[in-house]
Amino acid sequence: MSRNAKINTLLLLLVAALAVIPLALGLGDHKEEPFAGADGEAETAITEIDPDYEPWFSPLYEPPSGEIESALFALQAALGAGVLAYYFGLRRGRRQGEARARGRAVTQDADAEDADAEARTGADGGRD
Amino acid sequence: MHIAEGFLPPAHAVAWGVASAPFVVHGARSLIRDVREHPESTLLLGASGAFTFVLSALKLPSVTGSCSHPTGTGLGAILFRPPVMAVLGTITLLFQALLLAHGGLTTLGANVFSMAIVGPWAGYAVYRLLRRYDVPLMGAVFCGAFVADLSTYCVTSVQLALAFPDPGSGFLGALGKFGSIFAVTQIPLAVSEGLLTVLVMRLLVQSSKGELTRLGVLVTSAAGGKQAESAEAVTR
């Protein structure tokens, strides 16, 4: 593995560790509902501060179940990941194509130079 | 995590909407101008928006025992400047409000203000400041993304504390309460976002040198040489 790839893997491992550590240490155990969303907790806090508050608008569309909701979240992540992957794939392909074209150009240039040199020596030879 | 639908009183909802609108309009204008002048950067713009899409879909556990998600706005702010992120962030928030019942239309203004305006500007400011003092690129990118993420949720806490001051301890009491829910939860997630942003920036440095140079993220070797020379002159 190249040094670059090692650093990139290390970055991903760190992110994974940051996500796993709270779960592994059971940091949500003191809660009634461990690892619930912070937005839900904020809603609870609002009703604690102002018990009379009623949300005055409800979402136009609400996923009918937790499963559908997580499917839509996965869709969101997949869309984003797809575009990112397309970008990096395209760049990589372009770079490889350019490198190949350059390689070809160099050999062609070399051929052309050889031909030039031959022509020149030929001409010189003619003059001599 | 955004403020849920209907959880801001109408006056607050309208006020944040009014505050956000000019930023989004200005952002849309500069986005259109960018795309017209540099059609070749459309793809990278899309990738920056995609990064926000992925990161704000990832609900991650945190040390507080609750879950929240990063914002992904730091990357685009560093690459394309914050106004562009006002638009890309708003698109992400709209998607979540309309399809996922996450965030909401009445709270869109407030959520746009925190995630698509303050976050990108704060992150960008930190990034530029660090770069000015010759902090290495990846260090500045990490700090910029970290600040963009964390400041978003500090603003969310302030917004809720303004709308729901604690009857006993007032605004500050409520700020403490909402801060402990949003901002503290967000700290490890902001670290994660910083690391992921560094990862993507490293991949971009490998794959898109030309583009990053045009955007001013990478300095050309000539300018870099000049900088090194002047730095030498200063040390001498």
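**Figure 1. An aromatic cluster formed by residues of chains A and B.** Y53(A), F7(B) and F164(B) make up one aromatic cluster. In this predicted model, local features require pLDDT of at least 70 and side-chain atom pairs count only at pLDDT 80 or more, whereas totals for chains, interfaces and linings use all residues; side-chain values rest on heavy atoms, with hydrogens and water left out. Residues are numbered from 1 along each chain as its sequence is written, chains being lettered from A and ligands numbered from 1 in the order in which they are written. Rings of Phe, Tyr and Trp (for Trp, the six-membered ring) pair if their centres lie within 6.5 Å; planes under 30 degrees apart are called stacked, those over 60 edge-to-face, and the rest tilted. Over all chains, the structure holds ten aromatic pairs.

**Figure 2. The edge-to-face pair of F23(B) and F113(B).** The ring centres are 6.3 Å apart, with 85° between the planes. F23(B) belongs to helix 1 (residues 10–37) of chain B and F113(B) to helix 5 of chain B, so the pair ties together parts that are 90 residues apart in sequence. Helices (H or I, at least four residues) and strands (E, at least two) are DSSP runs numbered from the N terminus. F23(B) is partly exposed at 33% relative accessibility, while F113(B) is buried at 18%. Buried denotes under 20% relative accessible area, exposed over 50%, and partly exposed the range in between (1.4 Å probe, protein chains only).

**Figure 3. The stacked pair of Y153(B) and F182(B).** Here the centre-to-centre distance is 6.3 Å and the angle between the planes is 25°. Y153(B) in helix 6 of chain B and F182(B) in helix 7 of chain B are 29 residues apart, and the pair thus links distant parts of the chain.

**Figure 4. The salt bridge between E41(A) and K31(A).** A salt bridge is a side-chain nitrogen of Lys or Arg within 4 Å of a carboxyl oxygen of Asp or Glu; five are counted over all chains. The side chains of E41(A) and K31(A) meet with an N to O distance of 2.9 Å. E41(A) lies in helix 2 (residues 38–49) of chain A, and K31(A), ten residues apart from it, in the loop between helix 1 (3–24) and strand 1 (36–37) of chain A. With 18% relative accessibility E41(A) is buried, whereas K31(A), at 22%, is partly exposed.

**Figure 5. The salt bridge between E48(A) and K177(B).** The closest N and O atoms are 3.4 Å apart. Because E48(A) is in helix 2 of chain A and K177(B) in helix 7 (residues 170–207) of chain B, the pair joins two chains. E48(A) is exposed, at 52% relative accessible area, and K177(B) is partly exposed, at 28%.

**Figure 6. A network of salt bridges in chain B.** E40(B), E211(B) and R214(B) are linked in this network. Between R214(B) and E211(B), the closest N and O atoms are 3.7 Å apart. These two residues, three residues apart in helix 8 (residues 209–214) of chain B, are separated by about one helical turn. R214(B) is partly exposed at 33% relative accessibility, but E211(B) is buried at 7%.

**Figure 7. The largest nonpolar core and the contacts of M201(B).** A nonpolar core is a set of buried Ala, Val, Leu, Ile, Met, Phe, Trp, Tyr and Cys residues joined through side-chain atoms within 4.5 Å. Among the 38 residues of the largest core, L79(B), M201(B), L204(B) and L212(B) touch the most other members. Helix 7 of chain B gives the most to this core, with eight residues. Apart from neighbours within four places in sequence, M201(B) is in contact (heavy atoms within 4.5 Å) with L75(B), I78(B), L79(B), M138(B), V141(B), L212(B) and V217(B). A second, separate core of 31 residues includes L8(B), A86(B), L93(B) and V155(B).

Figure 8. Most residues other than glycine have a negative phi.
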